[in-house]
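Open the model in your viewer and keep the selection panel at hand.

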Amino acid sequence: MSGARPALIVGNWKMHRTAAESASLARELAERLRPTAGREVAIAPPFTALPGVAAALAGSPIALAAQDIFWESEGPYTGEISALMLQDLGVRHVIIGHSERRRHLGETDHMVNRKVAAALRSDLRPLVCVGEAEAERLAGTAAAVVRDQVLRALEGVAAGEAARLAVAYEPIWAIGTGRAATPGDIVEMHAGIRVTLRTLLGEAGDATRILYGGSVTPANIDGLMASQGVDGALVGGASLKAEDFARICDYR
Ligand code: PGA
């Protein structure tokens with residue numbers, strides 16, 4: 001339950017869909033989704049699809065999100081995209097530090113921290129991904145690994161930014177595997193992240209939303225959103241099917 005924190009459901013399309021396909025999926029979602037008080041929904045298409053998806057979402061309550069950001073505001077950084085460029089397209093949320101970027105592109109906690117700072121310097125809302133590998137869970141170090149990721153990612157963040165910030169707990173072994181974490185593990189890990197947020201931000205840390213990600217589907221979303229300390233979901237595979245994502249956003 002999210003209490004005073006509005007729920008946030010984010011669809012992460014990853015490296016799927018051309019610009020035209022993305023615009024058409026966004027249009028379908030905009031038709032299906034009804035605005036619900038206390039719930040925010042965002043979709044994160046590939047960069048190339050952002051302008052078309054922004055147009056498709058005009059007048060809809062669905063917000064636009066990006067999958068990454070660079071930490072400098074402009075300059076000789078071939079291939080990178082700045083906060084200003086994203087804001088110019090109407091992007092509101094930005095996913096930072098997804099485990100796929102950490103794994104395939106060598107993104108470190110330090111880089112994640114610089115990206116969070118860049119997003120906060122602009123008007124963007126960072127959604128910081130953390131989560132342990134399967135070996136770390138088996139070794140009993142999951143809570144410590146995630147605590148360290150949160151501490152490093154949010155180093156230097158001011159308490160006043162707490163409400164603009166969200167953390168997504170995404171155990172790596174649950175992503176794209178059809179094997180979501182158990183409700184018990186999710187509640188425990190979210191409670192640990194909440195303690196870390198309070199350590200960093202004081203009482204204001206209670207305003208930061210904590211999402212769960214990893215094999216979220218229409219079948220498990222209701223139980224997930226009813227779990228203690230779960231303020232939303234970061235959805236990969238199931239966000240590419242309009243019907244499934246609409247059902248996820250319509251959780252009861
Ligand atoms: P999944 O991906 O829902 O396909 O498991 C989640 C994510 O990587 O954000």
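For the residue classes used on this tour, Ala, Val, Leu, Ile, Met, Phe, Trp, Tyr, Cys and Pro count as nonpolar, Asp, Glu, Lys and Arg as charged, and the others, Gly among them, as polar. Note also that this is a predicted model.

**Stop 1: the second largest pocket**

Select K14, G176, S215, G236 and G237. The second largest pocket holds about 280 Å³ of space, and of the 24 residues that line the second largest pocket, K14, G176, S215, G236 and G237 are the closest to its centre. Colour the lining by class: 8 residues are nonpolar, 11 are polar and 5 are charged.

**Stop 2: the largest pocket**

The largest pocket has a volume of about 360 Å³. Its lining numbers 14 residues, and the closest to the centre are K14, M15, Q67, E100 and R101. Next select helix α4, residues 99-105. Helix α4 gives the largest share of the lining of the largest pocket, 4 residues. Coloured by class, the lining of the largest pocket shows 5 nonpolar, 5 polar and 4 charged residues.

**Stop 3: the whole chain**

Clear the selection and switch to a cartoon view. The chain has 10 helices and 8 strands. Along the principal axes, its C-alpha atoms fill a box of roughly 45 × 45 × 35 Å. How does the radius of gyration of the chain, with its 252 residues, agree with that of a compact globule? A compact globule with 252 residues would have a radius of gyration near 18 Å, and the chain has 17 Å, so the two agree.

Now show the surface. The accessible surface comes to about 11,200 Å², and 54% of this belongs to carbon and sulfur atoms. Buried residues make up 51% of the 252 residues. If you display contacts between residues at least 6 apart in sequence, 72% of them join residues at least 24 apart.

**Stop 4: I248**

Select helix α10, residues 242-249, and pick out I248 within this helix. Is I248 buried or exposed? I248 has 0% relative accessibility, so it counts as buried; the cut-off for buried is under 20%.

To see what surrounds I248, show the side chains of I9, V216, T217, P218, I221, V235 and A238. I248 touches these residues, leaving aside those up to four places away in sequence. Finally, draw a distance from the C-alpha atom of I248 to that of A233: the two residues are 15 apart along the chain, and the separation is 8.9 Å.

Methods: Residues are numbered from 1 along each chain as its sequence is written. This is a predicted model: local features need pLDDT of at least 70, side-chain atom pairs count only at pLDDT 80 or more; totals for chains, interfaces and linings use all residues. Side-chain values use heavy atoms; hydrogens and water are left out. On a 1 Å grid over the protein atoms alone, a cavity is a set of points where a 1.4 Å probe fits but cannot get out, and a pocket is an open set with protein on both sides within 12 Å along at least five of seven lines; lining residues have an atom within 4 Å of a point. Grid points are joined across faces, edges and corners, and a volume is the space filled by probe spheres set on the points. Helices (H or I, at least four residues) and strands (E, at least two) are DSSP runs, numbered from the N terminus. The radius of gyration is taken over C-alpha atoms; the globule rule is 2.2 Å times the number of residues to the power 0.38. Buried means under 20% relative accessible area, exposed over 50%, partly exposed in between (1.4 Å probe, protein chains only). Contact means heavy atoms within 4.5 Å. Accessible areas come from the Shrake-Rupley method with a 1.4 Å probe; for residues, only the protein chains shown count as cover.
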